[in-house]
Amino acid sequence: MTDNKIKIIAIKTKSKVYISDNVDLGSYFHTKLSGVLVNGEPLKNTYKKDWFETSKLPDLIQKQAPGQQINVRYELKETHYNTGLPKVLQYSDFDEDTGQYEAVYGLYDRKYDMTEPSLEEVKFELNIIEELDEFEIVRSDFNLQHSILDQLTTHPVLLSTKPCKLSRQESYSIVRNYVKSHIDNKWAAITSDYDFCFTVSKKVEHEPESYRVNVGKRKPKYETRYTRSRTVKVYEVAPKTYDRYPVIEPFEGKNEDDLKNNIQKFLDELMERINKPLVECEHCKGFGVISDEV
């Protein structure tokens with residue numbers, strides 16, 4: 001740090017304050033706030049490497065100053081005590097013009113004492129860019145899209161408070177991956193799983209139906225097997241136009257929190273529909289189904 005004032009921007013909420021010295025939004029910026037004390041307390045790291053959390057607006061910023069060398073001297077090496085040379089000299093004693101011991105410099109070791117580390121005050125200028133009731137810097141799991149106007153008028157760290165949406169491709173990937181990891185294979189099956197289309201079918205249980213299979217290798221040999229379920233499509237989607245697949249609607253929200261809630265609500269409702277047990281109606285025999293919730 002230099003003697004110049006550090007320029008700091010801050011976001012103030014009712015419960016905490018976020019500060020950063022990356023006021024020009026530099027991509028390769030190296031913060032000067034790492035390791036400092038604000039109002040006597042260490043800063044907390046956030047998911048943004050150049051943003052830090054503190055309990056209130058800074059009144060005092062300090063940095064650790066290392067100890068200083070004092071009592072610098074040159075001590076005669078013990079193996080040369082019998083030479084009659086002084087045991088302690090100063091650097092000036094080795095001066096080429098005035099020092100009389102310049103020729104024996106190599107017989108001495110440089111020694112010094114250290115002062116204790118101390119706290120040094122850091123001068124700063126503070127600019128509060130936003131005051132909000134609640135705000136938190138959190139890790140974003142999505143590639144959020146915002147309007148051009150919001151991108152031009154809002155500090156990047158605050159864009160999570162603005163309306164946002166995802167691309168169709170990212171929305172498709174979220175749904176596809178979630179279904180694959182939460183499907184109950186007893187009641188449903190993924191029947192198409194590609195980057196360009198995705199289909200889930202329900203397993204509908206029914207009374208066993210027999211069918212014959214030739215299991216012979218050289219001569220015909222038949223055995224009777226039974227099917228106890230059939231499949232019907234329950235969900236299909238694509239990230240863009242493909243065949244007759246419905247194209248996914250991109251997730252959106254009034255802000256990032258609202259977006260996350262909308263995504264989770266959709267996924268919960270979808271998995272409830274996919275994993276709901278169904279059996280074939282005993283009256284219509286396959287022309288309709290009824291719920292068989294346990």
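A contact here means heavy atoms within 4.5 Å. With that in hand, select Val-179: beyond its neighbours within four places in sequence, Val-179 is in contact with Phe-198, Val-200, Leu-270, Met-271 and Ile-274. Before going on, note that this is a predicted model, where local features need pLDDT of at least 70, side-chain atom pairs count only at pLDDT 80 or more, and totals for chains, interfaces and linings use all residues. Residues are numbered from 1 along each chain as its sequence is written, and side-chain values use heavy atoms, with hydrogens and water left out.

Now zoom out. The protein chain has three helices and 19 strands (DSSP runs numbered from the N terminus: helices are H or I with at least four residues, strands E with at least two). Of its 294 residues, 33% count as buried, meaning under 20% relative accessible area with a 1.4 Å probe, protein chains only.

Of its 23 residues, Val-175, Val-179, Val-200 and Ile-274 touch the most other members. Colour helix 2 (168-182), strand 15 (198-214), strand 16 (222-237) and helix 3 (256-275), as each supplies at least two residues of this core. Which of them gives the most? That's helix 3, with six residues. A second, separate core has 13 residues, including Ala-10, Phe-52, Ile-61 and Phe-124.

Stay with Phe-52 for a moment: this residue of strand 6 stands opposite Asn-45. Strands 5 and 6 (the latter residues 52-54) pair in the antiparallel sense over two bridges; two strands pair if DSSP finds at least two bridges between them. Show the whole open sheet: five strands in the order 5-6-2-1-12, with mixed pairing. Strand 5 (44-45) and strand 12 (124-131) are at the edges with a single partner strand each, so one side of each has no neighbour in the sheet.

Now click His-155, in the loop between helix 1 (148-153) and strand 13 (164-165). Is His-155 buried or exposed? His-155 is buried, with a relative accessible area of 18%. Leaving aside neighbours within four places in sequence, His-155 is in contact with Ile-9, Leu-25, Trp-51 and Ile-129.

One last colouring idea: contacts by distance along the chain. Of the contacts in the protein chain with a separation of 6 or more, 59% are between residues 24 or more positions apart.

Key
Core = buried A, V, L, I, M, F, W, Y, C linked by side-chain atoms within 4.5 Å. Buried < 20%, exposed > 50% of the residue type's maximum accessible area, 1.4 Å probe, protein only.
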